[in-house]
Amino acid sequence: MTKFQCVPIATETADHFRRTGLDDRGNKVRRVVATASGNFPCRHCLRLARPGEIMVLGSYNLPQPLGIYWTPSPIFLHEEECPRSEAFNEVAPIIRANPLVSVRAYDVDHQCLYDLGRVCSGSDVDDPLQIALRDARTIFVNIHTARPGCLLSLVERTVD
């Protein structure tokens with residue numbers, strides 16, 4: 001298995017959203033109450049919100065890819081401070097819980113490697129992710145929700 005980490009957003013970014021009430025695009029963040037029937041994935045702790053928790057929704061400027069494939073992404077964060085995920089070699093719970101994800105691999109020039117792209121259930125993401133990470137061309141992987149296209153997590157290889 002290629003070792004990896006699902007990389008959460010920076011704590012500074014999460015703190016900015018919470019403290020200022022503004023997202024990366026200058027929009028006011030929206031407060032949303034998590035429900036049992038919803039899927040509210042926090043991009044900082046990489047866990048789903050529990051029913052009743054307050055989440056903030058805002059636009060996040062992805063750090064990568066740069067250039068042609070760059071795009072902002074809507075993201076949820078816990079309104080209250082939460083611990084930044086530090087897990088290694090584990091697919092983030094917010095990915096596993098998603099019914100349909102898109103695995104997108106990128107090379108050193110931030111070119112999308114179309115032949116490595118896969119759409120699958122979050123519970124079945126291990127093989128597509130490992131195929132992308134084992135490919136020597138891959139520098140990083142972004143995993144998005146497949147329908148709305150929101151970033152769930154950046155994934156990077158790690159070393160011992």
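**Helix α1 and the overall fold**

The exposed residues Glu-12 and Arg-19 sit on the face of α1 that is turned away from the buried side of this helix. The model is predicted. Helix α1 spans residues 11-20, and its buried residues are Thr-13, Ala-14, Phe-17 and Arg-18. These four lie on the same side of α1, because they cover an arc of only 130° around the axis. The packing partners of the buried residues of α1 are β3 (54-61) and β4 (72-78). Gly-21 follows α1 and has a positive phi, near 75°.

The secondary structure of the protein consists of three helices and eight strands. Read from the N terminus, the order of the elements is β-α-β-β-β-α-β-β-α-β-β. The protein is as compact as a globular protein of its length, since its radius of gyration of 15 Å is close to the 15 Å given by the globule rule for 160 residues. The C-alpha trace spans about 40 × 30 × 30 Å along the principal axes.

Of the 160 residues in the protein, 46% are buried. When contacts between residues at least 6 apart in sequence are considered, 63% of them join residues at least 24 apart. The protein has an accessible surface of about 8,300 Å², and carbon and sulfur atoms account for 53% of this surface. Charged side chains comprise 18 positive and 19 negative ones, and a separation of 5 Å is found between the centres of the two sets.

Terms used
Residues numbered from 1 in each chain as written. Predicted model: local features only at pLDDT ≥ 70, side-chain atom pairs only at ≥ 80, totals over all residues. Heavy atoms only, no water. Helix = DSSP H or I, 4+ residues; strand = E, 2+ residues; numbered from the N terminus. Rg over C-alpha atoms; globule rule 2.2 N^0.38 Å. Buried < 20%, exposed > 50% of the residue type's maximum accessible area, 1.4 Å probe, protein only. Contact = heavy atoms within 4.5 Å. Areas by Shrake-Rupley, 256 points an atom, 1.4 Å probe, with all protein chains shown as cover. Lys, Arg positive; Asp, Glu negative; His and termini not counted. Charge placed at Lys NZ, Arg CZ, Asp CG, Glu CD. Arc of directions from axis to C-beta.
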